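Let's walk through this structure together, one part at a time. Have the sequence and the 3D view open as you read.

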Amino acid sequence: MEIDHLGIAVASLATAVPAWTATTGTIASPEEEVPAQSVRVVFFPTPGGHLELLEPTRPDSAVGRFLAQRGPGLHHVAFAVPDVDAALAAVERRGGRLIDRTGRPGARGRTVGFAHPSAHAGVLVEFVEGP
Ligand code: CO
């Protein structure tokens with residue numbers, strides 16, 4: 001599997017985007033709200049894997065709780081897969097721990113599904129359908 005992106009939880013896109021723009025020299029995508037995950041996100045297009053910044057829209061969301069408990073930082077690693085449902089089923093067959101059994105709507109109009117962070121030292125794993 002190829003890495004599609006790294007997801008970084010931030011308290012404020014307004015603060016984080018200029019900082020990451022300065023560091024990477026790339027321009028972020030327009031902000032997109034993902035209601036299914038209660039986040040607003042931007043993507044920095046970098047070759048070999050994008051950076052996603054996530055700002056929670058609600059404090060009681062998964063990313064909101066992550067920020068409250070652990071502070072800003074690496075939130076998830078996302079792998080590109082041809083079929084999210086098949087990728088999740090394969091994780092389960094191999095004895096891994098899932099959050100989702102089937103895909104759900106994610107950012108950029110793509111289907112996503114998650115494996116549980118407790119299985120990987122607190123790092124959430126996302127599967128993203130498509131190239
Ligand atoms: Co992501």
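Is proline 82 buried or exposed? This is a predicted model, and in it proline 82 has a relative accessible area of 80%. The cut-off for exposed is over 50%, so proline 82 counts as exposed. You will find proline 82 in the loop between strand 5 and helix 3. From its C-alpha atom to that of phenylalanine 127, 45 residues away along the chain, the separation is 9.4 Å.

Isoleucine 27 sits between helix 1 (13-24) and strand 2, and with a relative accessible area of 66% isoleucine 27 is exposed. Leaving aside residues up to four places away in sequence, isoleucine 27 touches Thr21, Phe43, Phe44 and Pro45.

Eight strands make up an open sheet with mixed pairing, and their order is 2-3-4-1-5-8-7-6. At the edges are strand 2 (32-34) and strand 6 (104-105), each of which pairs on one side only. As a reminder, strands of a sheet pair through backbone hydrogen bonds, either parallel or antiparallel.

Let's follow one part of the sheet through strand 4 (residues 50-56). Strand 3 (residues 39-44) pairs with strand 4 in the antiparallel sense, over six bridges. In this pairing, arginine 40 has glutamate 55 of strand 4 as its bridge partner. The hairpin of strand 3 and strand 4 has five residues between the strands, and there glycine 48 takes a positive phi near 85°. Strand 4 also runs parallel to strand 1, to which five bridges join it; here isoleucine 8 has leucine 53 of strand 4 as its bridge partner. How many of the seven residues of strand 4 are buried? Six of them are, so strand 4 is largely enclosed by the rest of the structure.

Two bridges join strand 6 to strand 7, and the two run antiparallel, with arginine 104 standing opposite valine 112 of strand 7. Their hairpin has five residues between the strands, and within it arginine 108 takes a positive phi near 60°. Strand 7 (residues 111-115) goes on to pair with strand 8 (residues 124-129), again in the antiparallel sense, over four bridges. Glycine 113 has phenylalanine 127 of strand 8 as its bridge partner. Helix 3 (residues 84-93) packs on the sheet, where it touches strand 5 (73-81), strand 7 and strand 8, and its direction makes about 145° with that of strand 8. Strand 7 is largely enclosed by the rest of the structure, because four of its five residues are buried.

Which residues form the largest nonpolar core? There are 11 of them: Val77, Phe79, Val81, Val84, Ala87, Leu88, Val91, Leu98, Ala115, Val125 and Phe127. Strand 5, helix 3 and strand 8 each supply at least two residues of this core, and helix 3 gives the most, with four. For a closer look, take valine 84: beyond residues up to four places away in sequence, valine 84 touches Gly103, Thr111, Val112, Gly113, Phe127, Val128 and Glu129.

The last stop is the metal site. Which residues coordinate the cobalt ion? They are His5 (NE2), Glu52 (OE), His76 (NE2) and Glu126 (OE), at 2.1 Å. Along the chain, these donors follow the spacing H-x46-E-x23-H-x49-E. Histidine 5 in strand 1 (residues 2-9) and glutamate 126 in strand 8 are 121 residues apart, so this pair links distant parts of the chain. The angles among the four donor atoms run from 83 to 170°, and the site is irregular. Histidine 5 counts as buried, at 1% relative accessibility, and glutamate 126, with a relative accessible area of 6%, is buried too. Glutamate 126 also takes you back to the sheet, where phenylalanine 114 stands opposite it.

Terms used. Residues numbered from 1 in each chain as written. Predicted model: local features only at pLDDT ≥ 70, side-chain atom pairs only at ≥ 80, totals over all residues. Heavy atoms only, no water. Pairing = 2+ DSSP bridges. Contact = heavy atoms within 4.5 Å. Axes fitted to C-alpha atoms, helices over the stretch in contact; angles between N-to-C directions. Core = buried A, V, L, I, M, F, W, Y, C linked by side-chain atoms within 4.5 Å. Buried < 20%, exposed > 50% of the residue type's maximum accessible area, 1.4 Å probe, protein only. Donors = N, O, S within 2.8 Å, 3.2 Å for Na, K, Ca; no water. Tetrahedral: all angles 85-135°; square planar, octahedral: opposite > 155°, others 65-115°.
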